[in-house]
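I opened this model to look up its fold, its helix packing and a few loop residues. My entries are kept in the order in which I made them.

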Amino acid sequence: MGIDFIYPEFEVIRAESRCIACRVCERQCANEVHRFDPQLGLMLSDESKCVNCQRCVSLCPTRALKIVSSGCRLRENANWSHGTIQELYKQAGSGGVLLSSMGNPKPFPVYWDKILLNASQVTNPSIDPLREPMETRVFLGKKPALAERDAQGRLTCRLEPQLELSMPVMFSAMSYGSISYNAHKSLALAARQLGILYNTGEGGLHEDFYCYGENTIVQVASGRFGVHRAYLDAGAAVEIKMGQGAKPGIGGHLPGAKIVGDVSRTRMIPEGSDAISPAPHHDIYSIEDLRQLVYSLKEATEYKKPVIVKVAAVHNIAAIASGIARSGADIIAIDGFRGGTGAAPTRIRNNVGIPIELALAAVDQRLREEGIRSQVSLVAGGSIRSSADVVKAIALGADACYVATAALLAMGCHLCRTCHTGKCNWGIATQRPDLVERLNPEIGSRRLVNLMTAWQHEIKELMGGMGINSIEALRGNRLMLRGVGLTDKELEILGILHAGE
Ligand code: SF4
Ligand code: SF4
């Protein structure tokens, strides 16, 4: 054992009286924690490899297993925590950049939990969503500033291409390669059934999924992986990825080990080569350059599809969004710093960017002040966890929300946060055929549809309670929000009053 040996984070507790040595746990664990010892006739565990994904616990037929935190800590203090020392040891051993998966775990404020919603009482009646119509449909894209009519009263204003969603939620970008074929299929099937959209991410679109094009957003990122004419034609909208909440300011990196078979063909890069998307788009150094790409993509798709520009929430996000709105983009997607990822440098993920709640409020306010709010729709993402978060985001100014981690959880993800290893025991963040087949796309899509259906019911109930019967009437309606435990500055940026006011 080296000087940096650290006692395993988790312990495998096996009730010997219940274990029947069926070896299910051994077969289910891609991390090779469990093994059968024929001489002892017992199952043994190498706990140092356990990531607490709960797969073996879920499938043990006799409920003989449980995974618990070992509780063994390095000698920490207020300045040097166990985690900080552990990371330092890892770097001293490897000399490398630390990599992490999923969103920022640090205890920054979650503003959604410090914002409360209003409800109607006495003078302003609430609406019963079971008995009265409630509109959750939204249309994303540029809207005319004025409704103009001809002499017969017919609308004459030209409407730019729109995306129609049955509810204000879409599945956010997750590339084929970072997640599995079956995970993509689950998302595509669910998006079609729900009447919403899912997003290819930067890995191209597998040819099997072209048939879901009406429910697909095709992404164009700095690496241009898998981007060609048919790909652009296949989607209902094109998204230019300028940034991602989990790793603002840097590109993407999918290790060569994951670039196999269909993933390599779909990305149009050789098998085994690392897929590295550069930090900047090498043809974009200004809003004018961005405008050129926006219009190139509009031209390539005959001006029939909205173009989305996705950016990470960073310090000057309001000014950046103003520029994007003027670039001709139809939709701006803003990704907060708690957004998930298949892999990101730990330091970037934990220290760069700002919360989506503050970014969204600042952008909506700025676009209104500049009189250009109707030129773009806003999509907020990066830690939308529930229907209540969606309703609060809409009231803060979003037209719709992107969800990804919540969708992964619906498909079976247990947030073990080791997607970057490619050994996802739940068949999601992996390309290993034996693991991929663990996720049944029919079941995955059914669970996604269930989740979104539940959210839609809850959104209607929350809106009805406020006496609001459409997403359109809720959008930017900050009077429906109050803050608790927030500073004056935070309230000012959010544009809301404190509870009690
Ligand atoms: S990694 Fe997952 S499957 Fe393997 S022992 Fe730990 S909890 Fe069980
Ligand atoms: S997708 Fe898989 S590897 Fe990633 S956090 Fe979820 S369960 Fe773990």
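The entries below go from the whole chain to single residues.

**Conventions.** I worked with a predicted model, in which local features need pLDDT of at least 70 and side-chain atom pairs count only at pLDDT 80 or more, while totals for chains, interfaces and linings use all residues. Residues are numbered from 1 along each chain as its sequence is written, and chains are lettered from A and ligands numbered from 1 in the order in which they are written.

**Overall.** I looked up the secondary structure and found 16 helices and 21 strands in the protein. Helices (H or I, at least four residues) and strands (E, at least two) are DSSP runs, numbered from the N terminus. The radius of gyration is 24 Å, close to the 23 Å of the globule rule for 501 residues, so the protein is as compact as a globular protein of that length. The radius is taken over C-alpha atoms, and the rule is 2.2 Å times the number of residues to the power 0.38. Along the principal axes, the C-alpha atoms fill a box of roughly 90 × 55 × 45 Å.

I noted that 47% of the 501 residues count as buried. A residue is buried if 20 or more other C-beta atoms lie within 10 Å of its own, exposed if 12 or fewer, and partly exposed in between, with C-beta atoms placed from the backbone. Of the contacts between residues at least 6 apart in sequence, 68% join residues at least 24 apart. Two residues are in contact if their C-beta atoms, placed from the backbone, lie within 7 Å.

**The parallel sheet.** In what order do the 8 strands of the open sheet run? I read the order as E9-E19-E18-E16-E15-E12-E11-E10, with parallel pairing. Two strands pair if DSSP finds at least two bridges between them. Strand E9 (169–171) and strand E10 (198–199) are the edges, each pairing on one side only. I then checked strand E11 (residues 216–220) against strand E12 (residues 237–241), and they pair in the parallel sense over 4 bridges. Val220 stands opposite Ile240 in E12. Helix H10 (residues 356–369) packs on the sheet, where it touches strand E16 (331–335) and strand E18 (377–381), and its direction makes about 170 degrees with that of E18. Axes are lines fitted to C-alpha atoms, for helices over the stretch in contact, and angles run from 0 to 180 degrees between N-to-C directions.

**Helix pairs.** I followed H10 to its contact with helix H8 (residues 317–326): the two pack at an angle of about 50 degrees, with their axes 8 Å apart. H8 and H10 are therefore oblique to each other. Angles under 35 degrees count as roughly parallel, over 145 as roughly antiparallel, 65 to 115 as roughly perpendicular and the rest as oblique. On the H8 side the contact residues include Ala318, Ala321 and Ala325, and on the H10 side Ala359, Ala362 and Val363 are among them.

The axes of helix H4 (residues 181–194) and helix H14 (residues 441–466) come within 8 Å and cross at roughly 45 degrees. That makes H4 oblique to H14. Among the residues in contact are Leu187 and Leu194 of H4, and Leu448 and Met452 of H14.

**Helix H11.** Is helix H11 (residues 387–395) enclosed or open? I found 8 of its 9 residues buried, so H11 is largely enclosed by the rest of the structure. Asp389 and Lys392 are among the buried ones. Gly397 follows H11 and has a positive phi, near 125 degrees.

**The E2–E3 hairpin.** Strand E2 (residues 34–37) pairs with E3 in the antiparallel sense over 4 bridges. The two form a hairpin with 4 residues between them, and Gly41 in the turn has a positive phi of about 70 degrees. Phe36 stands opposite Met43 in E3.

**Loop residues.** Arg23 is not a glycine, yet its phi is positive at about 70 degrees. Arg23 sits in the loop between strand E1 (10–14) and helix H1 (24–28), and is exposed, with 12 other C-beta atoms within 10 Å. Tyr303 also has a positive phi, near 55 degrees. Tyr303 lies in the loop between helix H7 (287–300) and strand E15 (307–312), and is partly exposed, with 13 other C-beta atoms within 10 Å.
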